[in-house]
Amino acid sequence: MKLLHVIDHVGAGGPARSLLAFAKHANRMRPDLEHAVLSLRPEGYPPLIFAAKQMGMVVLRSPGP
């Protein structure tokens, strides 16, 4: 199953960290899940983006129409 998570931006706190924690836990329970993150703004916190990619998540930042 594929999941798309839409967040405002991949910042250093709150929503992005919660998303990574959720994805890590969900992958333990359901290894068949594929996570992708859609960030509505281009800025991002590099360590969290790196961590998401290490977990196999696709990270899209501020995609066009």
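The model is predicted, so to speak of local features we need pLDDT of at least 70, and side-chain atom pairs count only at pLDDT 80 or more, while totals for chains, interfaces and linings use all residues. Residues are numbered from 1 along each chain as its sequence is written, and side-chain values use heavy atoms, with hydrogens and water left out.

Let's begin with the sheet. Helices (H or I, at least four residues) and strands (E, at least two) are DSSP runs, numbered from the N terminus. Here 3 strands make an open, parallel sheet in the order β1-β2-β3, where two strands pair if DSSP finds at least two bridges between them. Strands β1 and β3 (58-61) lie at the edges with a single partner strand each, so one side of each has no neighbour in the sheet. From one strand to the next, the twist averages 20 degrees. Strand β2 (residues 34-39) pairs with β3 over 4 bridges, and A36 has V58 in β3 as its bridge partner. Helix α1 (residues 14-29) packs on the sheet and touches β1 and β2, its direction making about 170 degrees with that of β2. Such axes are lines fitted to C-alpha atoms, for helices over the stretch in contact, and the angles run from 0 to 180 degrees between N-to-C directions.

Now look at H5 in strand β1. H5 is buried, with a relative accessible area of 14%; buried means under 20%, exposed over 50%, and partly exposed in between (1.4 Å probe, protein chains only). Leaving aside neighbours within four places in sequence, H5 is in contact with L19, F22, H35, A36, V37, L38 and M57, where contact means heavy atoms within 4.5 Å.

Next come the charged side chains. The structure holds 3 salt bridges, each a side-chain nitrogen of Lys or Arg within 4 Å of a carboxyl oxygen of Asp or Glu. R41 meets D8 at 2.3 Å, N to O. R30 and D32 form another salt bridge (3.0 Å, N to O). R30 is partly exposed at 37% relative accessible area, and D32 is partly exposed at 40%.
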